[in-house]
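Hi,

Here is the structure we talked about. Have a look first, and my notes follow below.

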Amino acid sequence: MTVIEPSRFNREIMLFSVILLFVEFIRGAALISFLPIYGEKTLGLSLDIIGIAITAHYLTDTVLKMFIGYLLDRFSIRFVVHTGLLISIAGILLLPAADKPWLFIAASALYGVGISPIWIVCLTKVTGERRAMQMGYFYTIWFIGIGAGPIACNLLMDVSRTAAYYLILGIAALSWLFSLLLTSARASGVAPTLPVREQFAILRERLRHMRLLLPGMVLQTMGAGMLVPILPSFAEDKLGMNGSQYSLLLLAGGACTVISLIPLGRLSDMLGGKKWFLVLGFLLIGGGLYLLSMAPPIGICIALTGLLGLSYATLLPAWNALLANYVPPKQQGLGWGIFSTVEGIGGMVGPVVGGTLALWQSQAHVLLYCGIMYAAIGFFYIWFPFRAFHDPKAPG
């Protein structure tokens with residue numbers, strides 16, 4: 001891989017960070033706040049169509065991750081990222097005219113095209129002995145963007161939905177303009193020299209080495225997805241929270257995560273005990289969700305949400321630094337694309353499972369089952385071999 005000078009690397013990382021921040025800002029603004037309200041109140045669409053449109057976005061994002069990773073190994077970072085963002089802008093431009101269900105769904109799906117490339121590019125830049133800290137940095141940017149987007153969008157929509165739409169469109173255009181400043185190099189630094197069949201054979205071998213990681217890759221994103229459709233109603237129906245209190249609950253979790261990600265990533269790099277960071281993170285999340293399912297008083301709920309944020313920050317940098325060990329050096333884009341696709345499967349299945357369980361039993365049962373699942377993953381990785389946390393002896 002081509003060696004990048006530190007000064008150039010820092011400039012590139014800053015540019016990647018700005019684009020990632022903008023992309024996640026508009027993702028959070030659009031999916032969490034804008035599309036549901038704009039689709040129903042302005043375009044007159046039913047909630048099931050809006051749900052399908054949001055699913056189409058995630059489906060596009062997930063399915064394209066592997067393909068985009070493949071492109072990043074063959075074309076320049078600039079070309080792949082700015083082409084994806086241009087397609088996303090086309091989807092946003094379609095929204096005002098998308099009063100027909102199929103057009104609204106298509107616009108949401110098109111918007112999903114531009115989300116994947118910049119995130120996979122950021123993952124390919126995580127190298128060396130400080131992987132966990134670097135992962136913590138990128139996830140901090142991700143959390144800030146996806147958290148600030150809905151807040152800004154909600155404030156604007158109280159005044160004007162049109163203003164909120166132009167905010168999303170303007171930041172999407174700004175992110176596309178910044179993408180024109182990206183490097184013309186490939187994600188892996190050099191053009192691939194192996195035939196496609198041999199590259200997939202190397203990745204298949206890496207996946208065989210990491211088979212014990214696959215349950216965690218799918219189940220942790222599935223657990224998070226299970227909570228998405230039930231948390232607002234659980235907070236209102238079971239915890240007796242109003243909108244402001246629920247916002248405070250989310251703020252407690254998000255703030256603890258953002259503040260802790262980089263320090264805990266650095267600590268993980270310094271101590272080298274990534275296995276125990278994973279185990280501790282999964283077990284604490286499991287325990288926190290179990291206690292939250294018992295609907296304690298609001299003050300305890302906020303404290304538990306803060307604990308969940310801290311637990312997630314403990315887990316996330318170490319987890320992704322571990323995955324980075326299994327990405328072949330000459331196939332950074334394709335490797336991260338495949339791994340992100342595997343994780344995305346859990347995120348796609350989770351909301352369906354969570355919503356179905358809530359209908360069959362209750363929202364509290366969804367939290368309970370998620371807690372049990374996360375705790376089970378934590379106990380499973382207690383017996384996970386330490387050698388798997390080092391670069392596997394595989395070709396590539």
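Which residues does H82 touch, not counting those up to four places away in sequence? They are W176, S179 and L180, where a contact means heavy atoms within 4.5 Å.

Before the rest, some ground rules. This is a predicted model, where local features need pLDDT of at least 70 and side-chain atom pairs count only at pLDDT 80 or more, while totals for chains, interfaces and linings use all residues. Residues are numbered from 1 along each chain as its sequence is written, and side-chain values use heavy atoms, with hydrogens and water left out.

Back to H82: you'll find H82 in helix α3, residues 77-94 (helices are DSSP runs of H or I, at least four residues, numbered from the N terminus). H82 counts as buried because its relative accessibility is 19%, and buried means under 20% relative accessible area with a 1.4 Å probe, protein chains only. The H82 side chain also reaches the backbone oxygen of R78 at 2.8 Å.

The structure holds one cavity of 30 Å³ or more; a cavity is a set of points on a 1 Å grid over the protein atoms alone where a 1.4 Å probe fits but cannot get out, and lining residues have an atom within 4 Å of a point. About 70 Å³ lies in the largest cavity, a volume being the space filled by probe spheres set on the points, which are joined across faces, edges and corners. Its lining includes F34, G91, Y111 and I168, and α1 (6-42), α3 and α4 (101-113) each supply at least two lining residues.

Cheers

Key. Buried < 20%, exposed > 50% of the residue type's maximum accessible area, 1.4 Å probe, protein only. Polar contact = N/O pair within 3.5 Å; in protein donor to acceptor, adjacent residues only side chain to side chain. 1 Å grid on protein atoms, 1.4 Å probe; cavity = no way out; pocket = protein on both sides within 12 Å on 5 of 7 lines; lining within 4 Å.
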